[in-house]
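Please keep the sequence and the model at hand while reading.

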Amino acid sequence: METVPRSGTFTRGDFDKEVLARMDDVYRFAMSLTRDTSQAEDLVQETYLRAFRSWQTFQPGSDARRWLFTICRNAFLRTLERDRRNISLDDGDPDALGAVMLHGQMLQDGSADRLAKLDLAPALADAIAKLNEPFRSTVILVDVEGQAYEEASEVLGVPIGTVRSRLFRGRRQLQEMLREYARDAGFGGNASTGKPHE
Amino acid sequence: MNSHEGLDCASAMARLWDYLDGELTPEKVAAVREHLAECADCLPHARFAERFLGELGRCKECQPPMPGTLRDKVMSTLRSEGLMS
């Protein structure tokens with residue numbers, strides 16, 4: 001294991017305090033990955049076991065949350081491998097224009113106007129839970145946790161271009177689900193007029 | 001589709017996510033900003049995208065809090081593994 005020399009002022013006690021203070025963040029990230037309370041708790045435990053076993057690799061002064069997210073993500077992937085479940089690695093191309101085109105359709109069918117009057121955060125929280133990997137973890141890192149593309153690429157272990165691609169496609173899927181949300185609630189223009197979509 | 005200062009609508013909208021995410025160079029930021037200031041077609045898309053991202057950022061508040069017992073469980077596990085005193 002590669003170790004980083006401790007600075008003169010950074011102690012093991014400092015490490016404990018730094019990483020333990022991030023447990024709420026790690027739990028939230030673990031929940032977004034597993035979508036299951038029990039599995040998330042197991043993943044948090046595994047993350048902290050790994051973190052404490054390799055505490056010498058933590059760079060004093062670096063972002064502890066990002067370091068823990070990386071460990072958490074890797075532990076999650078190991079769990080998936082153990083369960084012999086597959087993760088789609090088909091990233092495709094960035095879809096920045098897709099969201100604009102979709103919003104244009106939403107303006108036409110009236111759902112955009114209706115969505116403007118609704119509190120979107122609860123609907124989006126449900127929609128995120130329905131996203132498949134690898135889009136979900138990318139959206140969580142960038143859009144919910146506020147990580148930059150570069151930071152997310154370090155956590156996920158993929159190039160920045162892949163982060164962008166996954167992010168744009170994930171956002172597009174979320175917006176599709178918002179459109180459905182407006183329709184299901186009877187807010188969409190088609191729902192009220194019975195006219196087919198354009 | 002409109003064109004302002006050399007940046008047409010397609011080019012501006014293709015940069016919209018990067019623009020809102022703060023991932024563009026200052027020159028590209030200025031170009032997109034100028035386009036949005038002058039293009040009535042693109043501005044609604046940008047405003048919706050901005051709100052969409054703002055609401056996504058609020059999702060952290062919508063998630064259930066960590067169970068109160070988990071911190072004790074983790075600490076207990078770390079101690080039993082000899083990783084904490």
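Is A:D119 buried, partly exposed or exposed? With a relative accessibility of 40%, A:D119 counts as partly exposed, where buried means under 20% relative accessible area, exposed means over 50%, and partly exposed lies in between (1.4 Å probe, protein chains only).

This is a predicted model, in which local features need pLDDT of at least 70 and side-chain atom pairs count only at pLDDT 80 or more, while totals for chains, interfaces and linings use all residues. Residues are numbered from 1 along each chain as its sequence is written, chains are lettered from A and ligands numbered from 1 in the order in which they are written, and side-chain values use heavy atoms, with hydrogens and water left out.

**Chain A as a whole**

Chain A has 11 helices and 0 strands, where helices (H or I, at least four residues) and strands (E, at least two) are DSSP runs numbered from the N terminus. Of the 198 residues in chain A, 50% are buried. Contacts (heavy atoms within 4.5 Å) in chain A with a separation of 6 or more come, to the extent of 72%, from residues 24 or more positions apart. The accessible surface of chain A is about 9,300 Å², and carbon and sulfur atoms hold 46% of this surface; such areas come from the Shrake-Rupley method with a 1.4 Å probe, and for residues only the protein chains shown count as cover.

**The interface with chain B**

Chain B brings 36 residues to the contact and chain A brings 46 residues. The area buried between the two chains is about 3,900 Å², with 66% given by carbon and sulfur atoms; buried area here is the accessible area (1.4 Å probe) that two parts lose on being put together, summed over both. Across this interface there are 7 salt bridges, a salt bridge being a side-chain nitrogen of Lys or Arg within 4 Å of a carboxyl oxygen of Asp or Glu. There are also 14 residue pairs in polar contact between chain B and chain A (both at pLDDT 80 or more). A polar contact is a pair of N or O atoms within 3.5 Å; within protein, one must be able to donate a hydrogen and the other to accept it, and residues adjacent in sequence count only if both atoms are side-chain atoms.

On the side of chain B that touches chain A, the elements giving two or more residues are helix 1 (9-14), helix 2 (16-20), helix 4 (43-57), helix 5 (59-62) and helix 6 (70-80) of chain B. Helix 4 of chain B gives the most, with 9 residues. By class, this side of chain B has 22 nonpolar, 4 polar and 10 charged residues, where Ala, Val, Leu, Ile, Met, Phe, Trp, Tyr, Cys and Pro count as nonpolar, Asp, Glu, Lys and Arg as charged, and the others, Gly among them, as polar.

**Two aspartates of chain A**

A:D119 sits in the loop between helix 6 (111-115) and helix 7 (120-130) of chain A. Apart from neighbours within four places in sequence, A:D119 is in contact with A:Y181, B:E55 and B:R58. A polar atom of the A:D119 side chain also lies 3.4 Å from the backbone nitrogen of A:A121.

A:D143 belongs to helix 8 (residues 135-144) of chain A, and A:D143 counts as buried because its relative accessibility is 9%. The side chain of A:D143 makes a polar contact of 2.7 Å with the side chain of A:R171. Not counting residues up to four places away in sequence, A:D143 touches A:L167 and A:R171, and also B:L53, B:L56 and B:G57.

**Salt bridges**

Over all chains, the whole structure has 22 salt bridges; the table lists some of them.

| Pair | N to O distance |
|---|---|
| A:D119 and B:R58 | 3.0 Å |
| A:D25 and A:R22 | 4.0 Å |
| A:R65 and A:E145 | 2.7 Å |
| A:R136 and A:E133 | 3.6 Å |

A:R65 lies in helix 4 (residues 64-82) of chain A and A:E145 in the loop between helix 8 and helix 9 (149-156) of chain A, so this pair ties together parts that are 80 residues apart in sequence. A:R65 is buried at 12% relative accessibility, and A:E145 is buried at 5%. Both A:R136 and A:E133 are buried. Salt bridges that share partners join A:R22, A:D25, A:R28, A:R65, A:E145 and B:K60 into one network.
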